[in-house]
Amino acid sequence: MCSDTTDLTGRRKVKCTAKCSDKFTAKGKNTCVKASRRHRTKSLLISKTSLFLSECLPDFHIPIGPAALPVLPTLDAVEALNDPLDIDNIQADILAGMLKKKELFFFFSIQDAARFKAKLVSDIVPLVTSTSEILSVDTQPITAVNIAFSNTGLVALSLDTNALGDSDFVAGQFSDAGQIGDDPSLWNPAFTGTNIHGVFLLASDTLVNIHDQLAKIQSALGSSVTEIHRLQAGARPGPEEGHEHFGFMDGISQPAVEGFTKLVLPGQTLGVFLLGERGDPFQNSHPSWAVDGSFLVFRQLQQLVPEFNKFLTDHPLGAGKLTPEQGSELLGARMVGRWKSGAPIFLAPTADDPVLGADRTRNNDFNFFIKFNQTRCPFSAHIRKTRPRGDLGPSEDTKNFIIRSSIPYGEEVTPAEADSHTTSVDRGLAFGKFSFFSYQTNINNGFVFLQQSWINNERSVLSLVPAQSS
Ligand code: HEM
C-alpha cells in the first residue's frame, strides 16, 4: 500500500510499505520518489551554492575549472555511495556549482502570485537544473537555471516561512545590514527593503545563450513578475580564470558533503548544508517544499582593485631582503593567507609555489593548531579569520562552515584605472554562500557568524576564547 501526494512544485512523493514500483525509486526506508531523472522536479526553497567537491580517484575526475580546486564526482560515483543524496532533487549550484563561464543573476518581484505559481510548475520547474544533470556532460543543459526565493517571495506564494525556523531568513538581510558591519547607505538600492521575491541564476558559456533562456523565462512568466535588478558576472579571462579581481585563486577550500563525495581531500571537512537531510537536527520537521533546499546568502561585494594594488606597492614587506615587487606580493599573500596561485602561506611562507597551489591534494592540507602562532600565517589573514583551522581547539567546529559560490563581476582593470590607482568601473565579487546547520539558527550560524564574529572582529579569533588567548 502506498500513499501518493504531490507538493507545490508538482513533485510526487509516495510513501510505501512495500518495495517501490518500476516508476519510483526508493528514498529512505519508506519513501519512493518518481524515477524519471529528466522529469523530476527540484525542491523550491533554494539557496544555491557552489562547490567543487572532491574525488581523489582519477577515474572520478571530470575536468572542469582550474587544477587548484576540488573536482566533482561523476554521477556514477555518487550513485555508488552507500546512502547517496537525492541529487535529482538538489539544485545544481548548491553542491556542484553551475560549471559555466558566464552567469546572470536576475532578481524579480512577483506581481501576480496565482499566475506565477501556475507557470512555475508548468514552465519553470522543468527548466531548473539539478545536481545530477550538471554532473554529466551528456545531461548538462546549454544554459543552466536555478531559482531561489526570499522570505517575501515564499510568503507571496502562501508558504509559511516560520516553519523554516530561521529568523534571519524571515527578517531579510537588509534588516541586519548594520549588525554585520555594512553601511546601509552604500547598499545597492535594489537590495534595500523587501521588494526582491526571488532570483534566477542563469549560467552558460555565452551571454547570448543566457539572454535567450532569460527571454524564454520572461515570456512564460509574462507580467506575473517584474525585474528588480540584474547582475552579470563571469570568469576572468585567460590565465586569470578562477582568480577573483585582486588576483587570488578562489574556491579552493570548500567543505565536502556526505552522500555526495566518497573521499574527502586532505584539509577538507564534512559539513551539513541541506534541509531535511542527514545531520540536520530537524530532519523530519521541515515542510516538504523545503527538503533538499539550502539557504543562500547573496552579496554583491565591490572590490577597489587599483587602490588595493597601490596599497601593496606602498607597503612592501621584507625591506632589504626582498625586492619591492616581492615584498608587495608577500604582503598580499599574508593578507589573504594564500599566494595568488592558491598556495597557502602556512606551507609556503616566503615565496609563491604554483606547483603546490595547483595540487588539490596538498593546497588545503594544513592546520594552524600545529604552530599556534602567526609567524607563517597572520591571525588576520582572510582564510584564518574565516576558518581558524584548530586555533579554537584541536578539533574543528564545523558548525560555522559555509559552501561558497563566488564569481567575479565587472570588467578587467583598465590602463587608465591602473595608472591613476583609482577605480572608475564597478567590479567585484558576486558572493553566494549556502550555510545550513541548525534549524533555528542556520543563516546565523553560517554567514552572519563568520561576518560578524570573525571577519569584523578586530582581534584574532583567539580573543573569543580567553582560556586559549593567554
Ligand atoms: C570581495 C570579498 C572577498 C574576496 C575577494 C575573497 C577572496 C577569498 C580568497 C582568495 C580565498 C582563498 C581561496 C579559497 O580557499 O577559496 C577565500 C577563502 C575564503 N573566504 Fe573569502 N573573499 C571575500 C569575502 C568573503 C566573505 C565576506 C566571507 C564570509 C562571510 C568569506 C569567506 C571565506 C571562507 C570561509 C574561505 C575559506 C577559508 C578556508 O577554508 O581556508 N570571504 N576568500
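Predicted model: local features only at pLDDT ≥ 70, side-chain atom pairs only at ≥ 80, totals over all residues.
Colleague: Which residues of α9 are buried?

Modeller: Start with the general idea: an α-helix has 3.6 residues a turn, so residues three or four places apart point the same way. In α9, the buried residues are S328, E329, L330, A333, R334 and V336.

Colleague: How far does helix α9 reach from its first C-alpha to its last?

Modeller: Helix α9 spans residues 324-336, 13 residues in all, and reaches 19 Å, close to the 18 Å expected at 1.5 Å a residue. After α9 comes G337, with a positive phi near 100 degrees.

Colleague: Which residues other than glycine have a positive phi?

Modeller: Let me show you two cases. L99 has a phi near 60 degrees, a positive value in a residue other than glycine. You will find L99 in the loop between α2 (92-95) and β5 (102-110). The other case is S158, which is not a glycine either and has a positive phi of about 65 degrees. S158 sits in the loop between α5 (151-156) and α6 (167-171).

Colleague: Is L99 buried or exposed, and is S158 buried or exposed?

Modeller: Count the neighbours. L99 is buried because 21 other C-beta atoms lie within 10 Å, and 20 or more is the cut-off for that word. S158 is exposed because it has 10 other C-beta atoms within 10 Å, where 12 or fewer is the cut-off.

Colleague: Now for strands. Which way do the residues of β7 point?

Modeller: The general idea is that in a regular strand the side chains alternate between the two faces of the sheet. In β7, G198, F200, L202 and S204 point one way, while V199, L201 and A203 point the other way.

Colleague: In what sense do β5 and β7 pair, and over how many bridges?

Modeller: β5 and β7 pair in the antiparallel sense over 7 bridges; within β7, A203 is the bridge partner of E103. Strand β6 (residues 144-149) also pairs with β7 in the antiparallel sense, over 6 bridges. There, F149 stands opposite G198 in β7.

Colleague: Which residues have the most contacts inside the largest nonpolar core?

Modeller: In soluble globular proteins, nonpolar side chains tend to be buried together. Here the largest nonpolar core has 73 residues, and F105, F106, V199, F200 and L202 have the most contacts inside it. β5 gives the most to this core, with 6 residues. Apart from this core lies another, of 18 residues, among them A68, I345, F366 and C377.

Colleague: With which residues is F200 in contact, leaving aside its neighbours within four places in sequence?

Modeller: F200 is in contact with F106, V145, I147 and I217.

Colleague: Last topic: which residues are closest to the ligand?

Modeller: Of the 24 residues that surround the ligand, the closest are F248, S253, I383, T386 and R387. The elements giving two or more residues to this shell are α11 (382-386), β13 (428-434) and α13 (442-455). α13 gives the most, with 4 residues. By kind, the shell divides into 12 nonpolar, 7 polar and 5 charged residues.

Methods: Residues numbered from 1 in each chain as written. Near = placed C-beta within 6 Å. Nonpolar A, V, L, I, M, F, W, Y, C, P; charged D, E, K, R; others polar. Expected span 1.5 Å × (residues − 1). Pairing = 2+ DSSP bridges. Core = buried A, V, L, I, M, F, W, Y, C linked by C-beta atoms within 7 Å. Contact = placed C-beta atoms within 7 Å.
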